[in-house]
Amino acid sequence: MSEYNGCELPEDLFYDLDYVWVRPEEDGTLTIGVTDPAQTMSGRLQKARIKKTGTHLEAGRHVATLESGKWAGGVPVPFAGEVIARNEQLLEDPHLINIDPYKDAWIARVKPDDPQHALDNVKTGSEAIEALEAWIKRYGVQCMRCSE
């Protein structure tokens, strides 16, 4: 795992180079969440709305909306697909994203319409890490994860 300004950046994930991460699963689905720098910038999350299972989304549409005391925004999917699971825990306690954005605080699992090209608009490895470090530097982010 890479770290920059206190921000954890797992090398095995795919990133939209803004604030979304994507993890391929063995069953062909893709799990989506928000990055450590993004959760830091948003502040303590107080509300999460996640699309219901069975919802079809076009690329760029929001699978979820998150709100803190100072920010509200959508979480876009970088590919078209159907929501097959959502993290019900986040509906009750969205603050989990501030604690550990990469493990238990995933947002949704989506079955892509076109699995061959679902990851075409996201980056991984050193290319992604370098771009995320530039993003962190540009916005002056110093990551902090909350405790429970």
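How many salt bridges does the structure hold? I began my notebook with this count, and, bearing in mind that I am working on a predicted model, I find that the structure holds three salt bridges.

**Entry: Arg 23 and Glu 25.** I looked up Arg 23 and found it in a salt bridge with Glu 25, where the closest N and O atoms are 2.8 Å apart. I then checked the cover of both partners: Arg 23 has a relative accessible area of 21% and is partly exposed, and Glu 25, with a relative accessible area of 24%, is partly exposed too.

**Entry: Arg 49 and Glu 67.** I next turned to Arg 49, whose side chain meets that of Glu 67 in a salt bridge at 2.8 Å, N to O. Because Arg 49 lies in strand β6 (residues 45-50) and Glu 67 in strand β8, I note that this pair ties together parts that are 18 residues apart in sequence. On accessibility, I have Arg 49 at 40%, which counts as partly exposed, and Glu 67 at 25%, which also counts as partly exposed.

**Entry: Arg 86 and Glu 88.** I recorded a further salt bridge between Arg 86 and Glu 88, with 2.9 Å between the closest N and O atoms.

**Entry: Thr 65.** While looking at strand β8, which covers residues 62-68, I found Thr 65 within it. I list Thr 65 as partly exposed, since its relative accessible area is 23%.

**Entry: charge on the surface.** Which residues gather in a patch of negative charge on the surface? I find Glu 58, Glu 82, Asp 113, Asp 114 and Asp 120 there. I followed up Asp 113, which sits in the loop between β11 (108-112) and β12 (123-124). Its relative accessible area is 46%, so I describe Asp 113 as partly exposed.

**Entry: the annotated span.** From the UniProt record, an unreviewed entry, I took the feature "domain: Lipoyl-binding", which is placed at residues 29-111. I then looked up the geometry of residues 29-111 in the model and found that the end C-alpha atoms of this span lie 5 Å apart. For the secondary structure of the span, I noted 19% helix and 42% strand.

Technical notes
Residues are numbered from 1 along each chain as its sequence is written. This is a predicted model: local features need pLDDT of at least 70, side-chain atom pairs count only at pLDDT 80 or more; totals for chains, interfaces and linings use all residues. Side-chain values use heavy atoms; hydrogens and water are left out. Patches are made of residues with over 30% relative accessible area and no salt bridge: like charges are joined within 9 Å, nonpolar side chains (Val, Leu, Ile, Met, Phe, Trp, Tyr) within 5 Å. Accessible areas come from the Shrake-Rupley method with a 1.4 Å probe; for residues, only the protein chains shown count as cover. A salt bridge is a side-chain nitrogen of Lys or Arg within 4 Å of a carboxyl oxygen of Asp or Glu. Lys and Arg count as positive and Asp and Glu as negative; His and the chain ends are not counted. The place of a charge is taken as NZ of Lys, CZ of Arg, CG of Asp or CD of Glu. Helices (H or I, at least four residues) and strands (E, at least two) are DSSP runs, numbered from the N terminus. Buried means under 20% relative accessible area, exposed over 50%, partly exposed in between (1.4 Å probe, protein chains only). UniProt positions are given in the numbering used here, feature names are shortened, and annotations may be inferred rather than shown by experiment.
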